[in-house]
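Here are some notes to read beside the structure. Please keep the view open and find each part as it comes up.

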Amino acid sequence: MHYICVSWTHKNTDLAIREKLALIDESKKELLKRLLLDENILECMLLSTCNRVEFFIYAKESSLACKSVVSLMSNFCALNEANLSQRADFFEDSAAIHHLFSVASSLDSLVVGETQIAGQLKESFSFAIENNFCAKNLSRALHFAFKCGAKIRTQTEISKNPVSVASVAVSKARELANLDSKKVLVLGAGQMSELLCKHLLSTKAKISILSRNYEKSKNLALALGLENEDISKLKELVNSCEFIFCATSSKSPVITNELLEEVSFKRYFFDIAVPRDVDVKENDKIRVFVVDDLKSVVKKNLALRESEAKNAYSIIGKMTMEFFRYLDDLELSPIIKDLRLIAKDCAQKELQKAIKKGYLKNSNKEEARKLIHQVFKAFLHTPTMKLKNLEGKVQSDTMANAMRYIFALDEKVKGLDEYKCEYAVENKNEI
């Protein structure tokens with residue numbers, strides 16, 4: 001069995017493709033249902049954000065699972081299969097767990113240290129659990145991932161003064177102009193829009209919120225002390241505001257050329273939605289920034305956090321090994337227990353035979369039982385310690401499978417090295 005991740009992110013896939021890969025909950029449900037029809041795939045989970053679409057899978061065979069994901073996404077999103085496969089990053093076993101922990105800890109985010117990804121990962125996990133797409137194996141990995149993320153947040157300063165895509169967008173706007181008293185429109189009322197509003201509050205801009213869900217935007221506006229507008233005023237606001245921030249969940253553009261009128265001032269659109277909310281032609285009075293345009297600010301963020309990132313990656317490496325040691329415990333402990341039970345059962349049977357054949361008196365039964373118990377205990381001491389010493393090492397599965405076969409715990413010989421923990425191999429002194 002293998003842990004697998006198939007990943008399309010801001011690192012390997014441009015925005016035009018990512019927005020085609022973006023999925024709403026109902027689409028996710030249908031997609032994951034189809035994926036589980038593959039008998040090779042036992043559990044699956046999908047993380048879909050503005051910067052990543054990633055599948056975390058528990059499967060029998062890695063390459064077949066990866067091919068299934070790419071093929072399904074190609075058909076589901078009407079994208080070229082070969083192109084999707086070429087763009088994707090594929091992670092297996094220890095690499096998949098290391099990547100998952102990096103994602104949970106925001107080390108793999110466009111903005112290193114941002115805190116939003118942890119919540120998005122938890123939502124994706126909850127969605128998968130509630131719909132029976134994942135069970136104990138992915139659950140084990142996700143619980144460790146959240147534990148790793150929490151450890152990094154408390155033991156490093158990677159998330160000190162938290163940064164997000166929303167804060168980067170506002171920072172970019174402040175580079176372009178002084179936002180004091182400027183008219184600003186925030187389109188959308190979700191988590192990203194709320195973050196945008198909170199960062200904009202420090203600029204003293206005149207902020208209006210507008211959403212297709214009037215009640216949701218009304219509640220957000222009331223909570224933050226801002227103006228809430230009806231969707232019918234969209235055209236009026238787009239043509240009267242200098243800065244427009246968009247973060248809706250619409251599957252098609254909300255602001256198009258047909259909505260725009262000629263104005264005397266310059267307008268800046270910050271579209272941080274995937275798929276994009278803004279589809280207009282740029283000119284000397286219209287400038288559009290999308291998620292991928294914010295990378296210059298992100299690079300500054302990364303440089304400032306580089307030393308903390310090194311500390312965080314060290315924790316991730318150790319947590320990856322700890323996770324596999326945990327899995328080994330689940331596998332090796334039953335073997336040790338079963339060996340002792342076999343020894344006990346063998347001793348009982350041979351003791352009964354000896355009494356029945358007259359080799360021992362029944363009155364000596366208890367003393368003989370104690371002696372045999374001590375003999376087997378002494379005999380099993382070394383194998384027991386050897387097995388325990390293998391915990392966390394790449395040889396553990398090979399030895400576990402051999403022990404199961406030799407002592408008839410499992411009559412079927414399984415493959416050697418069912419998984420290979422590359423991180424542990426490269427860091428032998430840390431095992």
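**Notes on the sheets, helices and cores**

1. Begin with strand 6, residues 206–210, which is joined to strand 7 by three bridges, the two running parallel. Within this pairing, Leu210 is found opposite Glu229 of strand 7. Keep in mind throughout that this is a predicted model.

2. Where does this pair belong?

3. Next, the aromatic pairs, of which the structure holds ten. In one of them, Phe270 and Phe289 are stacked, with 5.0 Å from centre to centre and 10 degrees between the planes. Because Phe270 lies in strand 10 and Phe289 in strand 12, this pair ties together parts that are 19 residues apart in sequence. Are these two residues buried or exposed? Both Phe270 and Phe289 are buried. Elsewhere, ring pairs link Tyr3, Tyr58, Phe101, Phe144, Phe323 and Phe324 into a cluster.

4. There is also an open sheet of four strands, in the order 2-3-1-4, and its pairing is antiparallel. Its edge strands are strand 2 (41–48) and strand 4 (89–92), each pairing on one side only. Ignoring direction, neighbouring strands here are turned by 15 degrees against each other on average.

5. Glu43 has Tyr58 in strand 3 as its bridge partner. Helix 7, residues 136–155, lies across strand 1 (2–9), strand 2 and strand 3, and runs at about 40 degrees to strand 2.

6. With 1.5 Å a residue, its 16 residues (62–77) should span 22 Å; the end C-alpha atoms are 23 Å apart, so the two values agree. Buried residues of helix 3 include Ala65, Val69, Val70, Leu72 and Met73. After the helix comes Ala78, whose phi is positive, near 55 degrees.

7. Last, the cores. Nonpolar side chains tend to be buried together in soluble globular proteins. The largest nonpolar core here has 64 residues, and those with the most contacts inside it are Trp8, Phe55, Met73 and Phe101. Leaving out residues up to four places away in sequence, Phe55 touches Ile4, Cys5, Val6, Trp8, Leu31, Leu32, Leu35, Met45, Leu46, Val69 and Met73. Apart from this core lies another, of 54 residues, among them Ala169, Val170, Leu185 and Ala189.

Key. Residues numbered from 1 in each chain as written. Predicted model: local features only at pLDDT ≥ 70, side-chain atom pairs only at ≥ 80, totals over all residues. Heavy atoms only, no water. Core = buried A, V, L, I, M, F, W, Y, C linked by side-chain atoms within 4.5 Å. Buried < 20%, exposed > 50% of the residue type's maximum accessible area, 1.4 Å probe, protein only. Contact = heavy atoms within 4.5 Å. Pairing = 2+ DSSP bridges. Axes fitted to C-alpha atoms, helices over the stretch in contact; angles between N-to-C directions. Expected span 1.5 Å × (residues − 1). Phe/Tyr/Trp six-rings, centres within 6.5 Å; stacked < 30°, edge-to-face > 60°.
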